[in-house]
Amino acid sequence: MHQSRRKAAILREVLIVANRLPVSVDASTLTSGGLVSALAPVSDAIGSTWVGWLENGPAEPFVVDGQRLVAVHTSREQYARYYEGFANQVLWPVFHGLGEYETHPPVQSEAANWLNAYRKVNRAFAERIAEVASNGALVWVQDYHLLLLPEMLRSLRPDLRVAVFLHIPFPDPAALVTKPWARELVSELGAAQLIGTQRERDARHLGAALHLLSPQSSPVVRAFPISIDTAPILQEANRASSPSTVTSVRERLGVTDRPMLLGVDRIDYTKGIIERIEAFSALLGSWEGSEPLPTLVQVLTPTRETIPAYQGYLARVNVATTEVNRQFGTASYTPIVNINGSYSLPELIELFLATDVMCVTPLRDGMNLVAKEFVASRVDDSGVLLLSSEAGAADELHSALIVDPRSQLELTDGMRRALKMSDEEMRIRMRSLRKHVLGHTVHNWASNFIKAAS
């Protein structure tokens with residue numbers, strides 16, 4: 001009897017709510033990765049529907065590649081003020097502990113208008129969900145873009161269960177209490193029945209913030225560290241792990257006869273790219289012995305290109321790279337090779353397999369799935385993961401070389417240690433990392449969260 005009741009709870013309708021729908025521009029195909037693959041193992045049982053913004057999306061629910069979708073409609077201008085404005089120029093830096101990026105004059109002058117747009121777009125989402133959700137449905141809200149939804153939905157549809165998962169860090173309450181919007185956002189978020197975070201530290205911060213700013217709230221707050229879909233990575237890694245493929249990739253990068261370090265990041269000031277370049281420069285400056293100097297290959301994926309802080313950060317990355325290459329480069333040696341653009345999964349796996357050391361050193365990150373993707377790809381148990389203590393992945397990937405991303409000394413020493421690590425130690429560490437990643441996939445994460453929320 002108990003088991004049948006539990007099954008019924010899991011089988012309630014689930015609406016996955018994200019800031020935009022996971023479809024191509026013309027809404028003809030689903031985009032790959034993300035929560036689409038996360039929910040694949042349980043989608044048949046729960047009958048999930050996706051809700052998100054889509055410019056000129058259909059008025060009625062529609063189906064793409066078998067997935068039921070519901071479009072939220074606002075003007076592009078209002079969406080930009082909500083998304084590029086308040087979500088990514090106000091909330092993003094504060095939640096990542098980089099509030100200095102929230103104090104730029106353009107941000108300060110527009111913050112009130114952006115907050116108003118944030119409220120309006122959240123209201124549009126709430127009204128759309130209230131229209132389409134079945135009685136007692138579970139509304140699974142994704143991330144910081146929609147923090148006002150829980151209270152709005154409780155007012156419009158008290159029959160719904162609302163759960164929120166925060167993919168980014170939650171800040172120390174001391175970083176929130178001075179913000180004019182903090183009490184509103186935290187109290188309305190607190191109307192959810194369940195709030196999931198990436199790290200136990202984030203859960204503690206959120207619990208403290210609720211106690212300070214919304215003591216009447218009583219959601220369950222728990223850490224649910226997200227992971228990856230390992231199956232396609234293993235498939236690509238087994239294809240690309242041949243010596244000839246690895247050699248071809250390294251030849252294309254000009255790194256055939258020297259050690260290689262790799263960074264794969266969005267062009268974002270939270271990712272610690274400049275700190276990584278400065279630590280690498282210190283490594284070259286202190287290099288001893290006759291062994292060839294290493295090369296740092298840095299993939300820079302464009303993001304939020306209209307935001308001034310991101311434009312300025314890319315300019316700083318380019319200046320730092322040019323200086324290192326000027327100081328240490330020769331006619332036959334380029335210390336830092338920057339690659340601008342987005343890589344497909346097969347291309348990324350080839351890069352992962354070609355490198356000696358993977359550098360995942362953000363200043364602050366909710367999880368950083370690149371670290372787990374790299375580990376899953378190393379099917380021969382080789383390679384070293386240099387990992388920031390400020391990435392959520394550090395709570396799980398204990399066998400990585402974990403460093404303070406703000407300490408140039410630790411970063412430089414970590415790079416040196418990684419490059420000089422013995423094959424035996426490297427393989428012991430990588431086997432331990434792979435055991436964890438392959439045993440804790442994104443499918444486990446999705447299933448566990450939905451069961452806890454039902």
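I'll start with how the model was treated, then take the topics in turn.

This is a predicted model, so local features need pLDDT of at least 70 and side-chain atom pairs count only at pLDDT 80 or more, while totals for chains, interfaces and linings use all residues. Residues are numbered from 1 along each chain as its sequence is written, and side-chain values use heavy atoms, with hydrogens and water left out.

Cavities first. Rolling a probe the size of a water molecule over the atoms shows where empty space is left. Here the work is done on a 1 Å grid over the protein atoms alone: a cavity is a set of points where a 1.4 Å probe fits but cannot get out, and a pocket is an open set with protein on both sides within 12 Å along at least five of seven lines. Lining residues have an atom within 4 Å of a point. Points are joined across faces, edges and corners, and a volume is the space filled by probe spheres set on the points.

How many cavities of 30 Å³ or more does the structure hold? There are two. Helices here are DSSP runs of H or I with at least four residues, strands are runs of E with at least two, and both are numbered from the N terminus.

By class, the lining of the largest cavity has nine nonpolar, no polar and no charged residues. For the classes, Ala, Val, Leu, Ile, Met, Phe, Trp, Tyr, Cys and Pro count as nonpolar, Asp, Glu, Lys and Arg as charged, and the others, Gly among them, as polar.

The second largest cavity comes to about 40 Å³. Around it are Gly383, Val384, Leu385, Ser399, Ala400, Leu401, Met426, Arg429, Met430 and Leu433. Two elements give two or more residues each to this lining, β13 (384-388) and α16 (423-439), and α16 has the largest share, four residues. The class count is seven nonpolar, two polar and one charged.

Now an open space. The second largest pocket holds about 390 Å³. Of its 22 lining residues, the closest to the centre are Thr355, Asp356, Arg378, Gly383 and Met426. Elements giving two or more residues to this lining are α10 (243-253), α13, α15 (408-420) and α16; α15 provides the largest share, three residues. By class, the pocket lining has eleven nonpolar, four polar and seven charged residues.

Next, the helix pair. Which way do α13, residues 345-354, and α14, residues 369-377, cross? Their axes come within 9 Å and cross at roughly 70°; the axes are lines fitted to C-alpha atoms over the stretch in contact, with angles from 0 to 180 degrees between N-to-C directions. That makes α13 roughly perpendicular to α14, a label that covers 65 to 115 degrees, with under 35 roughly parallel, over 145 roughly antiparallel and the rest oblique. Ile349, Phe352 and Leu353 of α13 meet Val370, Glu373, Phe374 and Ser377 of α14, where contact means heavy atoms within 4.5 Å.

Leu348 also lies in α13. Is Leu348 buried or exposed? It is buried, with a relative accessible area of 14%; the cut-offs are under 20% for buried, over 50% for exposed and partly exposed in between, with a 1.4 Å probe and protein chains only. Leaving aside neighbours within four places in sequence, Leu348 is in contact with Val264 and Tyr343.

Glu396 sits in the loop between β13 and β14 (401-403). At 14% relative accessibility, Glu396 counts as buried. Beyond neighbours within four places in sequence, its contacts are Pro225, Ile226, Met367, Lys372 and His436.

Last, backbone geometry. Most residues other than glycine have a negative phi, and most peptide bonds are trans. Asp143, in the loop between β5 (138-142) and α6 (149-156), has a positive phi of about 80° although it is not a glycine. Asp143 is buried at 9% relative accessibility. Asn368, in the loop between β12 (357-360) and α14, likewise has a positive phi of about 80°. Asn368 is buried, with a relative accessible area of 8%.
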